[in-house]
Amino acid sequence: MKTVIIDYKAGNVQSLLFAIERLGFSAKLTNNPDEISKADKVIFPGVGEASFAMNSLKETELDLVIPELKQPLLGICLGMQLLCKDSEESDTKALGIFDVSVKRFPDSVLVPQIGWNQVYDLKSDLFKNVPEQSFMYLVHSYYAEKNEHTIATTDYSESYSTALQKDNFFGVQFHPEKSGVFGSKILENFLKL
């Protein structure tokens, strides 16, 4: 099985590579559209700013490649947000796979949200053998609103989508590679889909 991690200059992916190796799998970091299209599994990570990340995708035409993928794809953190239609961060038009907008948390809560928070209302094989109310590690200032594609929910200023799924596209707002045993389980579930 060939797993690729999309390389588009958006954050450090070393911890993600290590987490995959600990599970007995391997992954290759690449921005080559052909390699990404031919992979069995695609991971779309991201830490950083939405408009910069979208511009990086456009430089290698990955903004055109990603929406056409048919194999399982997992967006993580900013990667999940870029699968949505747009983001309030720098008024960014994103990839539009999930028909939902990404909003900034209100100033009434500490922004960014940093640390452990519970996920619940878990739907999808992505969460197989992951208990309701498990804690996941989050670092973000923007969130996807709840919508028809929500497969997990977290509360901060309000209830929001902490995971999304539409067809072969999955997204998680939290960092599974930094979320302990149940984060590892989610990564393993994805790699075994």
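## A short tour of charges and a buried alanine

Start by selecting Glu 88, which sits in the loop between strand 5 (84–87) and strand 6 (92–93); helices (H or I, at least four residues) and strands (E, at least two) are DSSP runs, numbered from the N terminus. This is a predicted model, where local features need pLDDT of at least 70 and side-chain atom pairs count only at pLDDT 80 or more, while totals for chains, interfaces and linings use all residues. Residues are numbered from 1 along each chain as its sequence is written, and side-chain values use heavy atoms, leaving out hydrogens and water.

Glu 88 is partly exposed, at 44% relative accessible area (buried means under 20%, exposed over 50%, partly exposed in between, with a 1.4 Å probe and protein chains only).

Next, select Lys 2 and Glu 35. Their side chains meet in a salt bridge at 3.8 Å, N to O (a side-chain nitrogen of Lys or Arg within 4 Å of a carboxyl oxygen of Asp or Glu). This pair links distant parts of the chain: Lys 2 is in the segment before strand 1 (3–6), and Glu 35 is in helix 2 (residues 33–38). Glu 35 counts as buried at 19% relative accessibility, whereas Lys 28 is partly exposed at 41%.

For your last stop, pick Ala 53 in helix 3 (residues 50–59). Is Ala 53 buried or exposed? Ala 53 counts as buried, because its relative accessibility is 1%. Show its neighbours too: Ala 53 touches Tyr 8, Leu 78 and Leu 82, not counting residues up to four places away in sequence (contact means heavy atoms within 4.5 Å).
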